[in-house]
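Visitor: I am new to this structure. Please take me through one part of it closely.

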Amino acid sequence: MGVLMSRRQTVERVQKVSLAVSAFKDGLREQPSTRRRAEAGTARQGTLEQEVQEGEEEALAGPSQPEESSASKAAWERLRDGRGVEPEEFERANRFTPPAFIRPKRELHDDEPPDISLEQREQILNDEMCEICEVWTAESLFPCRICHRVYHDGCLRRMGYLQKDSAVEVTETAHTETGWSCYYCDNLNLLLTEEEMYSLMETLKNCKIIPESCLTLDDFLHYKHQVHKQQFERTMPEAQEEQAALQFNALDPDKKGHIEWQDFLSHESIQLLQKIRPQNALLRLLTPKERERARAAFLALDQDNDGFIGEGECRQARHTWFRKHQKEMLSCNVSISHVGPISEGSPASSRNGKSPEKILPATKQEETRSIDWPGFLRENVAYILAARPNSAALHLQPLA
């Protein structure tokens, strides 16, 4: 209340001084004075105008400066529109115009269980022309490991989505089992609807999160505590704080002491999707490549071919298959029209080809609960989606 009275008094003071200045100016015009009085009046006028200016600056002074508010507003607009960080020094001369992202809308049938068959394999076909320039140039196109789109590296550079530090990575991983995600699939935030995005932005603003900034462990834990207190009106338990610390480590694989904004945003986006949407709605977000990869993983784990796997095997897939693979530099030599998330020579591409590194023996306690194919998809769908970004960070840390 004291702050409000202080601001009102400041405004009143400014108004009074403004009236005094106006009256003084009117008096000067109506009664011409001598040079000395004019000089004195000019000096007095300057003093009053200076006081007015100081009063206005004091009245406008708030928790943030105008420049900071303008920069923050632009950052929130980029977040709302699904655009990434756009530094002012980024030169867009001779570049393509980035696309206008359109956020998805929920459909009436989204919550109904989708029909994803285990036996019926899906044919993976990529586009034949570059998504950006719509030109076909055969083997120089780079496929996305999530969707059907393909790109030229030159077009990606002209769009500003491929910088010098990431160009080599794209060219070396796009045709491997690891694969590369295009700028649509790399951004998990684009999965949110406008209503969901608004909800997330309100949470970030209430917790005083500055967009496009890095978060330290203290920042991340403080944010998690605030979110938990706002949602449940009580302090976050110690066990959940430990889980949050583990998630921070998963988002900081290089041990830099902070997590990048895009990784934090992807993590919060997938967390929000888990809270708001049912699993059936999440399953409808899977692409044919992701479904085929999950299908191959289940068949590789189902060693006795009875259509069921143990709980330990399901958890194992969560920890190994759907987390980030180590970068593989060897090309899988697959035609660009049929390249998918799993090459024909991949250990998980058939029932007989099982890799000991990916399939570890499960304990008897973990095998007490059997999981069928639909259950396997429901329990792993969030981790499949969380593995989309190219970042080495784990955007959803699997539970132990």
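Visitor: Which residues lie nearest the centre of the second largest pocket, and how many residues line the pocket?

Guide: This is a predicted model, where local features need pLDDT of at least 70, side-chain atom pairs count only at pLDDT 80 or more, and totals for chains, interfaces and linings use all residues. Residues are numbered from 1 along each chain as its sequence is written, and side-chain values use heavy atoms, with hydrogens and water left out.

Now the pocket. On a 1 Å grid over the protein atoms alone, a pocket is an open set of points where a 1.4 Å probe fits, with protein on both sides within 12 Å along at least five of seven lines; lining residues have an atom within 4 Å of a point. The second largest pocket is lined by 27 residues. Lys-224, Val-227, His-267, Gln-271 and Lys-275 lie nearest its centre. Its volume is about 790 Å³, taken as the space filled by probe spheres set on the points, which are joined across faces, edges and corners.

Helices here are DSSP runs (H or I, at least four residues), numbered from the N terminus. H7 gives the most, with seven residues.

The lining residues divide into 10 nonpolar, 13 polar and four charged. Ala, Val, Leu, Ile, Met, Phe, Trp, Tyr, Cys and Pro count as nonpolar; Asp, Glu, Lys and Arg as charged; the others, Gly among them, as polar. At least three lining residues come from each of domain 2 (191-276) and domain 3 (279-324 + 369-399). Those bounds come from an automatic or database domain assignment.

Conventions: Helices (H or I, at least four residues) and strands (E, at least two) are DSSP runs, numbered from the N terminus.
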